[in-house]
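Reader: I would like the terms used for this model set against their cut-offs, one after another. Please start with the ones needed for packing.

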Amino acid sequence: MQSFFPAPTLDSARVVVLSGAGVGNPLFYAELLRLGFELGTLPDFALMAAITFIDTVVSHEPLTDRLLFHELVHVVQYEKLGLPEFAAKYAGGFLRGGCYERIPLEMNAYQLDERFAAAPAESFSVVDEVQSWINAGRL
Ligand SMILES: [Zn+2]
């Protein structure tokens with residue numbers, strides 16, 4: 001990952017791989033259900049391959065290089081945006097797009113992990129790529 005991420009990001013990131021356990025949905029889901037959201041329309045944390053909380057990647061399955069790369073993109077997004085803005089953009093992206101796949105923070109991470117998977121030997125700066133999305137107002 002050193003060809004794509006700065007050393008401080010890699011040094012600070014932590015990885016937890018769960019076995020026989022899963023991350024539960026956020027407590028505020030109960031409030032969303034009271035507001036009229038339907039459970040099936042909300043992203044189910046238990047079904048996600050991995051979830052990143054600031055600098056900690058929690059995976060429900062053994063990490064592939066591509067999955068680790070994807071989650072490290074989220075670490076960079078957290079670093080650049082800070083937790084409050086990341087959370088606001090994530091939730092706002094979900095509400096505007098209507099599904100997990102249309103959250104711009106996810107679209108950014110998927111685009112970059114696709115690029116990595118297509119050519120793992122061709123280095124690029126994830127920090128620069130995330131910053132370009134921020135500058136263009138795409139997140
Ligand atoms: Zn993601």
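Author: Contact means heavy atoms within 4.5 Å. This is a predicted model: local features need pLDDT of at least 70 and side-chain atom pairs pLDDT 80 or more, while totals for chains, interfaces and linings use all residues. Residues are numbered from 1 along each chain as its sequence is written, and side-chain values use heavy atoms, with hydrogens and water left out.

Reader: What do the buried residues of α5 pack against?

Author: They pack against α3, α4 (83-97) and α6 (126-135). Helices here are DSSP runs of H or I with at least four residues, strands are runs of E with at least two, and both are numbered from the N terminus. Buried means under 20% relative accessible area, exposed over 50%, and partly exposed in between, with a 1.4 Å probe and protein chains only. In α5 the buried residues are P104, L105, E106, N108, A109, L112, D113 and F116.

Reader: How do you know that E106 is buried or exposed?

Author: E106 has a relative accessibility of 3%, so E106 counts as buried.

Reader: Which residues of α4 are buried, and what covers them?

Author: F86, Y90, G92, G93, F94 and G97 are the buried residues of α4. Their cover includes α3 and α5. Just after α4, G98 takes a positive phi of about 85 degrees.

Reader: What is Q77 in contact with, leaving aside its neighbours within four places in sequence?

Author: The contacts of Q77 are G82, F86, L105, N108, A109 and V130. Q77 lies in helix α3 and has a relative accessible area of 0%, so Q77 is buried.

Reader: Which atoms coordinate the zinc ion?

Author: H70 (NE2), H74 (NE2), E106 (OE) and E106 (OE) coordinate the zinc ion at 2.0 to 2.7 Å. Donors are N, O and S atoms within 2.8 Å of the metal (3.2 Å for Na, K and Ca); water is not among the atoms, so sites may look incomplete. Along the chain the donors follow the spacing H-x3-H-x31-E. H70 lies in helix α3 and E106 in helix α5, so the pair ties together parts that are 36 residues apart in sequence. H70 is buried, with a relative accessible area of 4%.

Reader: What is the strand order of the open sheet?

Author: The three strands have the order β1-β3-β2, with mixed pairing. β1 (14-17) and β2 (50-53) each have a single partner strand and stand at the edges, so one side of each is left without a neighbour in the sheet. Neighbouring strands are turned by 20 degrees against each other on average, direction ignored. Axes are lines fitted to C-alpha atoms, for helices over the stretch in contact, and angles run from 0 to 180 degrees between N-to-C directions. Helix α3 (residues 65-81) packs on the sheet, touching β1, β2 and β3, and its direction makes about 25 degrees with that of β2.

Reader: How many bridges join β2 to β3?

Author: Four bridges join β2 to β3 (residues 56-59), and these strands run antiparallel. Two strands pair if DSSP finds at least two bridges between them, so β2 and β3 count as paired. F53 has T56 as its bridge partner, and I51 stands opposite V58. β1 and β3 pair in the parallel sense over four bridges, with V16 opposite V58.

Reader: What makes I54 stand out in its phi?

Author: I54 has a positive phi of about 60 degrees although it is not a glycine. Most residues other than glycine have a negative phi. I54 is in the turn of the hairpin formed by β2 and β3, with two residues between the strands. Its relative accessibility is 43%, so I54 counts as partly exposed.
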